[in-house]
Amino acid sequence: MTFDDPVDPPAALPSLSAKETAAALVHLDRLEACDDLDTLRERTGQWREELSRPAPGEGSEALAEAPNPPRRDALLADLEQLRAAQTLDRARHYLSRLRKGFTETRTGPLNDLNLARWKECDEVLTDSLWLEERRDRSGAHSAEYWGNFIPQIPRQMMLRYTRRGDWVLDAFAGSGTTLIECRRMGRHGLGLELNPEVTRAAAERIALEPNPYGVTTQIVTADSQTADIRALLAEHG
């Protein structure tokens with residue numbers, strides 16, 4: 001395992017076209033009308049086979065007509081789970097959950113994740129052990145400062161426990177890894193660092209990172225045990 005190589009961006013996975021999204025709602029109606037498990041399985045298999053062979057001419061121009069369309073691979077996995085259901089009640093439970101993924105956006109108080117489509121949240125590591133093959137050294141990130149953690153760690157935490165526009169406090173800011181991720185993810189960030197030279201270098205590095213969401217990222221020289229954090233936040237309203 002090495003953290004010295006840059007991390008390649010994940011390849012985009014194809015979503016359903018507008019035509020397929022509209023057809024999916026018709027398929028859901030047909031499945032929900034089934035009163036026996038064998039018929040439901042047969043129709044599910046037909047829909048899955050249809051999705052596995054996209055119709056000619058379904059291109060990016062069709063995708064533009066469907067806002068936030070479901071992702072093809074996630075839907076295929078859902079249909080496989082549905083077809084493997086052992087009882088009609090369980091199949092209907094899967095169907096209800098599948099329809100919500102098409103028609104609802106369900107977010108909680110802690111983050112921006114759409115829980116109705118949680119299977120599409122590939123970036124969120126759900127295992128108890130987070131394995132990262134390489135350190136993210138893209139943008140302003142650097143591994144030069146001793147003891148800094150890989151950027152993927154604060155990113156995972158912020159994906160789970162913050163929403164865009166929230167404030168994040170890093171009481172041991174170091175080289176600014178967390179604040180760089182705050183800029184990328186649209187979170188305001190306040191960092192405290194004891195060493196003034198490290199603070200200065202981190203501020204310069206953070207300023208190099210683009211700020212597409214126009215958030216505030218500030219790092220100050222302060223002792224996290226005695227810093228008046230409320231006063232620092234109050235400066236930003």
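**Close-up 1. The second largest pocket takes up about 290 Å³.** Keep in mind that this is a predicted model. Sitting closest to the centre of the second largest pocket are Asp 78, Arg 97, Leu 98, Gly 101 and Ala 116, out of 21 residues that line it. Two elements each put two or more residues into that lining: helix 4 (72-83) and helix 5. Helix 5 gives the largest share, with 7 residues.

Close-up 2. Leu 110 belongs to the loop that runs between helix 5 (88-103) and helix 6 (152-161). How accessible is Leu 110? Its relative accessibility is 47%, so Leu 110 goes down as partly exposed, since that label covers the range between 20% and 50%.

**Close-up 3. Leu 16 lies in the segment ahead of helix 1 (18-32).** Leu 16 has a relative accessibility of 0%, so it counts as buried.

**Close-up 4. Glu 20, in helix 1, reaches back to Ser 17.** The side chain of Glu 20 comes to 3.0 Å from the backbone nitrogen of Ser 17. Is Glu 20 buried or exposed? With a relative accessible area of 11%, Glu 20 is buried, because the cut-off for that label is under 20%.

Terms used: Residues numbered from 1 in each chain as written. Predicted model: local features only at pLDDT ≥ 70, side-chain atom pairs only at ≥ 80, totals over all residues. Heavy atoms only, no water. Helix = DSSP H or I, 4+ residues; strand = E, 2+ residues; numbered from the N terminus. Buried < 20%, exposed > 50% of the residue type's maximum accessible area, 1.4 Å probe, protein only. Polar contact = N/O pair within 3.5 Å; in protein donor to acceptor, adjacent residues only side chain to side chain. 1 Å grid on protein atoms, 1.4 Å probe; cavity = no way out; pocket = protein on both sides within 12 Å on 5 of 7 lines; lining within 4 Å. Points joined across faces, edges and corners; volume = space filled by probe spheres on them.
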